[in-house]
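Please walk through the predicted model shown below with this report, which takes up selected loops, a sheet and a nonpolar core in turn.

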Amino acid sequence: MANAETLNTIYELITPFNKKGIELAPETTFATNLELDSLTVMDLVAEIEDEFDIVIPLNLLPDLETIAHVADAVDKIVADNG
Amino acid sequence: MDLFDKFDPIVAQKSALPFTKADPFKVVMDEIISETEAMINGRHTILAGTNNYMGMTFAEEAVEAAKKALDDFGTGTTGSRVLNGTYGGHKALEQTLADFYGMESCMVFSTGYQANLGLISVLAGKDDYLLLDADSHASIYDGAAMGNATVVRFKHNDADSLEKRLRRLPEDAGKLVVVEGIYSMLGDAAPLKELLEVAKKYGAMTLVDEAHSMGFCGENGRGVAEEIGVEHLSDFIVGTFSKSVGTVGGFAVSNHPKFDILRTVCRPYMFTASLPPSVVASATKSIEGIKRAGNRRAHLWENSKRLHAGLKNAGFTMATEKAESPIIAVCLPDLHQATLFWEELILAGVYVNMAAAFATPGGVNLMRASICAQHTSEQIDLIIDRFIKTAEKVDLQLTDVAAE
């Protein structure tokens, strides 16, 4: 389970992309709930990369459907870089 | 379960567009009058969206060479480049391109799409990193998807964003940075010096796609890398014959001593038939012609600046501040108005490309014009005039430039 701090940081980064003001939770999905197209998701990922100073390869994107998925991936990448 | 059900959202999206009198997905050119004019649906139309930048499609020498090749070598090779599909003409074309770029080696592919697909899918392997500009062409993204490298995307034309990502990667890992000279939708040029210098600082190899810049950028028409003087920082240059060269096909040039091995590992090179001899012959003559075409280049730039200035002064919202290429794009506020605009413009006798927000960088709706060296100044003025009249017709609010 992703840590709360990571989740909160990601919520903040999503806010400018959350045009419809959908309430954000770990299980919120990018495609269905937030209605973000794949290009927008990639732009969001770029913001997350710069915030955490990590690389999130495009290869991972198909598996990152919810905010929790992204937070877990971020935590794992940060830990691996340790 | 109908396998086509998954396309329903796209079908719905497409049928929601309010086209009534013309459909941009169903344009048929019934007669090609010249490089710049065609008959479409019985209407005499100025072509301002065909990527025929240097207007080489009817270049006399190229047409003659193609006819002779048809007579001498037949209609096709019926074979792969690595089996029976390499004729003397293919080797001569590769030599012509290597000489044109002042590089050691050249590989000719059957399309530009396959050139990118072939190189990008194999150059960066399983343990390597592929760094792509966010606005990369589909052929680059598809090459990345076909290969096994870890794919990292940086912000469009942003050397800082590229550097941040390069810095985060293992120092000793293999890296390939892929950029384009001119980006095809907005027609914006890349800051190649900054991008390539950063790539080299981190030991990456570099691939520059000059598909939309070959012919008119640089003293010899080799592209943006030539114009800026950074060809020495480009390990691979990829291009196409389907734009300035006026036919179809793709190529890659390089000075890498082991370049030739790619012929036996690039699947999009091997598992398809080679270009027909007539296409090879016309491409060769056209490239020789492009090298000498200083006047055409100058006229193309004049045309591009004239169209950009004309539309800008009329109050259109331009995709780029100034003409950075012969791609001159106008931004429309929404898809509905873009649809109406495109439709009225083609009825008024001007063909441009419509690009909807979901297919463009930054999600803008574009009327994308691409200008030809063979357009006359009068044709450019006609295009501007018809853009203005079309804006009135569809109630597009133009900015009052004089008031600013």
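## Two asparagines in loops

B:N41 sits in the loop that joins strand 2 (37–40) to strand 3 (43–47) of chain B, where strands are DSSP runs of E with at least two residues and helices are runs of H or I with at least four residues, both numbered from the N terminus. Although B:N41 is not a glycine, its phi is positive, at about 55°. B:N41 counts as partly exposed because it has 14 C-beta neighbours inside 10 Å; a residue is buried if 20 or more other C-beta atoms, placed from the backbone, lie within 10 Å of its own, exposed if 12 or fewer do, and partly exposed in between.

B:N157 is found in the loop between strand 6 (150–154) and helix 6 (159–168) of chain B, and its phi is also positive, near 55°. With 21 C-beta neighbours inside 10 Å, B:N157 counts as buried. Most residues other than glycine have a negative phi.

## Basis of the model

The model is predicted, so local features need pLDDT of at least 70 and side-chain atom pairs count only at pLDDT 80 or more, while totals for chains, interfaces and linings use all residues. Residues are numbered from 1 along each chain as its sequence is written, and chains are lettered from A and ligands numbered from 1 in the order in which they are written.

## An open sheet and its helices

In chain B, four strands form an open sheet in the order 11-12-15-14 with antiparallel pairing, two strands being paired if DSSP finds at least two bridges between them. Its edge strands, each pairing on one side only, are strand 11 (317–318) and strand 14 (353–355) of chain B. Strand 14 of chain B is joined to strand 15 (residues 365–370) of chain B by three bridges in the antiparallel sense, and B:N353 stands opposite B:R368 of strand 15 of chain B.

Helix 12 (residues 335–347) of chain B packs on this sheet and touches strand 12, strand 14 and strand 15 of chain B, contact meaning that C-beta atoms placed from the backbone lie within 7 Å. The direction of helix 12 of chain B makes about 30° with that of strand 15 of chain B; axes are lines fitted to C-alpha atoms, for helices over the stretch in contact, and angles run from 0 to 180 degrees between N-to-C directions.

## The largest nonpolar core

The largest nonpolar core has 127 residues, and among those that touch the most other members are B:L119, B:V178 and B:M367; such a core is a set of buried Ala, Val, Leu, Ile, Met, Phe, Trp, Tyr and Cys residues joined through C-beta atoms within 7 Å. Helix 4 (residues 112–123) of chain B gives the most to this core, with seven residues. The core lies between domain 1 (3–54 + 294–403) and domain 2 (60–291) of chain B, because both give residues to it, with domain bounds coming from an automatic or database domain assignment.

Methods. Two residues are in contact if their C-beta atoms, placed from the backbone, lie within 7 Å.
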